[in-house]
Amino acid sequence: MIKEQTKLDIDNVDVFYGKKQAIFNVDLEIKKNQVTAFIGPSGCGKSTLLRCFNRMNDLIDICKVSGSILLDSVNILDKKLDLVRLRTKVGMVFQKPNPFPKSIYDNVAYGPKIHGLCEDISELDEVVEKSLKSAGLWNEVKDRLNEPGTGISGGQQQRLCIARAIATNPDVILMDEPCSALDPIATARVEELMQELKKNYTIIVVTHNMQQAARVSEKTAFFHLGHLIEFGNTEEIFTSPNEIKTQDYITGRFG
Amino acid sequence: MTNIDVLEDKKDKLIAKRYSKEKRFILFGRLAISLTIIFLTILLGSIVLRGISGFTTTTITFDVNLDKKLIDPESTNDKKIISSARWRKITRDSIYNVLNEINLVMNGEVLSKAEQKSLVRLFSRSSEYQIKDIVMDDLSLIGKTINVTLPAASEVDQFLKGRIDQSLPEDDRPLNNIQISWIKHMVDNDMINRTFNSNLFTKGDSRNAEEAGILGALMGSFFALLICLLISFPLGVMASVYLEEFAPKNRLTDVIEVNINNLAAVPSIVFGLLGLAIFLNVFNLPRSSPLAGGLVLALMTLPTIIISSRAAIKAVPPSIREAAMGLGASKMQSVTHHVLPLAMPGMLTGTIIGLAQALGETAPLLMMGMVAFIVDVPQSITDPATVLPAQIFLWSDQPERGFEEKTAAAIMVLLGFLLTMNALAVFLRNKFERKW
């Protein structure tokens, strides 16, 4: 096995919503070209932590983050950091498919367009095609690229959102419960896709579905009430967890 | 056993009660709707019944002898001299001539002075000016006899529309017996005809009902609304975008929000006073002008536009903003590329509703001097003007019968404009509304 490179080094991160602390002193290392799953009961802070990685929490006025998160040894919590640049490196897929009410083509082309990644239309066409192919959607939509992105099925929409996220050529893809609004078949497709994508990208996925975490991830982090309880190889977490809380959660005793 | 029966019985009663409650509620709802429809029908019906005849008018066709001696004896062709000719005498002489000819054929005698005086009142008082205008447009007509079709006096129009009660004693009637018999006679001779009232749409206000039109008021309303739109739409949209998307949520913005909501409820006359104090007294904008009036209407419309625009922006799902931000779009890009296009139908609807409200507003314009008797049709935003509702208000105050149908006709035109604007709002909303 090749040596695991660290992509994200999370050190001593605390997150506050106003006076309420949501994340307590989390230390974590995310390895490159792996799928890392965040599991835990609702409200445990896993989504909050995920949203720190592309600074989406900045949108919430009362949210304060402290500590350091190093992405390729650059601290992304630095106030002076350019958010536009960060977000091209760290793409995000949301819980509910949220394609823009524009054509399928425009949805994928939006990121490259605003960042000026493409010199001309043919290059843009290429990027769109490549992204849609990587998202496993090309064959289904290639004949109707001009139809609205909101007109395809939920599973297709979510894969469109993945295509949109990878069109800007990020290093890391954050997925916030990407399958919670999908049926089992669409979920399976997205999970397959994650296995494909991790060859080129580092993926962090928040999920409520323990089986999914077990199926797709190399590493799993279990959170409870804002604390990182346990982090390790998925196999170990699911077969022989060190902590009782982890054991209780994955066996369904609470949560 | 009996216990269960009693319980079941109780349940049945309760269910029956719930059903009858629902039935009663539906009944009251239907009653309310039918009452509204009835009142609306009565209101619209009475306006249409009164106003529809205002769209037609009565004209008199007769020959005018443009005597060169009276108009331009020295053949100067100078418009100044021609314009100061004795047009009243020219008109009257021609009218007497026509009437006497008819009388000679009918009764074999010439009309008496008193008869002539009362019969000339069947013609519009404005006839002399209209004949003058015809000649001024074409000087070659001088010395000829021309056949003109001019509006009849408003009383003739009202008589033919059946609004003058012939059973009243002669002294209480606007038309005496001789006049009435002559009207009937002229109708038989095809001298008097009923035509479409083009004056209504091509002329400004006038003291003579047969001459009065709403073009001046229409143009005034148009200019005022244009100013109102140009000022309140961009300001309102920018204010709402800033408040909704960029402004920090703190006490100051809370105070601003509360104040905007309060402004929407301020009586419109207060805006008029504000406009009087600021636009007229401080900035010295021309009084009675659509510019000043439009500014006041803009002040009044602004809160409506801001509130509806904010609601439209709020209705854009946050997931769209997140998606854009997640792709690295700046706040500005996420607003201009995604939020604004999605919120636009709502904003446009709010704007049009606000403008429709402004179109029907009289009170604030009262303070700006726009509720005034203004004959000339305004050509620009600085000309003195009045607006449609003000015109309606002014006409409704006139004692002459002829203005009654004009008032109702003008209301119909105003309602037509309001309906068109609302239809446009619905159309825009349906056209640009995107589903997601």
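Which residues are linked with Asp157(B) in a network of salt bridges? The views below start there, and keep in mind that this is a predicted model.

**View 1. A network of salt bridges in chain B.** Here's the answer: Asp157(B) is linked with Lys161(B), Arg163(B) and Glu405(B). Zoom in on the pair Asp157(B) and Lys161(B), and you'll find their closest N and O atoms 2.8 Å apart. Asp157(B) is buried, at 5% relative accessibility, and Lys161(B) is buried too, at 16%.

View 2. Arg88(B) sits in helix H4 (residues 87–107) and Glu128(B) in helix H6, so the pair ties together parts of chain B that are 40 residues apart in sequence. Buried or exposed? Glu128(B) counts as buried, at 12% relative accessibility, while Arg88(B) is partly exposed at 47%.

**View 3. The salt bridge of Glu211(B) and Lys203(B).** The closest N and O atoms of this pair are 3.7 Å apart. Glu211(B) is buried, with 9% relative accessibility; Lys203(B) is partly exposed, with 27%. Over all chains, the count of salt bridges comes to 25.

**View 4. An open sheet of 3 strands in chain B.** The strands run in the order E2-E1-E3, with antiparallel pairing. E2 (145–151) and E3 (192–196) are at the edges with a single partner strand each, so one side of each has no neighbour in the sheet. On average, neighbouring strands are turned by 35° against each other, direction ignored. Helix H6 (residues 127–137) of chain B packs on this sheet, where it touches E1 and E2, and its direction makes about 130° with that of E2(B).

**View 5. Along strand E1 of chain B.** E1 (residues 56–65) is joined to E2(B) by 7 bridges, and Phe62(B) stands opposite Val148(B). Thr59(B) is also in E1, and it's buried at 10% relative accessibility. Beyond its close sequence neighbours, Thr59(B) has contacts that include Thr149(B), Leu150(B), Ile192(B) and Thr195(B).

**View 6. A hairpin in chain A.** Strands E9 (residues 219–224) and E10 (residues 227–233) run antiparallel, joined by 6 bridges. Phe222(A) stands opposite Glu230(A). Between the strands of this hairpin there are 2 residues, and Leu225(A) takes a positive phi near 50°.

**View 7. A nonpolar surface patch in chain B.** Phe222(B), Leu226(B), Leu230(B), Ile231(B) and Leu235(B) make up this patch, with about 430 Å² of accessible area together. Leu230(B), found in helix H10 (residues 215–246), is exposed at 54% relative accessible area.

How values were computed:
Residues numbered from 1 in each chain as written. Chains lettered and ligands numbered in written order. Predicted model: local features only at pLDDT ≥ 70, side-chain atom pairs only at ≥ 80, totals over all residues. Heavy atoms only, no water. Patch = residues over 30% accessible without salt bridge, like charges linked within 9 Å, V, L, I, M, F, W, Y side chains within 5 Å. Areas by Shrake-Rupley, 256 points an atom, 1.4 Å probe, with all protein chains shown as cover. Salt bridge = Lys/Arg side-chain N within 4 Å of Asp/Glu carboxyl O. Helix = DSSP H or I, 4+ residues; strand = E, 2+ residues; numbered from the N terminus. Buried < 20%, exposed > 50% of the residue type's maximum accessible area, 1.4 Å probe, protein only. Pairing = 2+ DSSP bridges. Axes fitted to C-alpha atoms, helices over the stretch in contact; angles between N-to-C directions. Contact = heavy atoms within 4.5 Å. Lists of a residue's contacts leave out its neighbours within four places in sequence.
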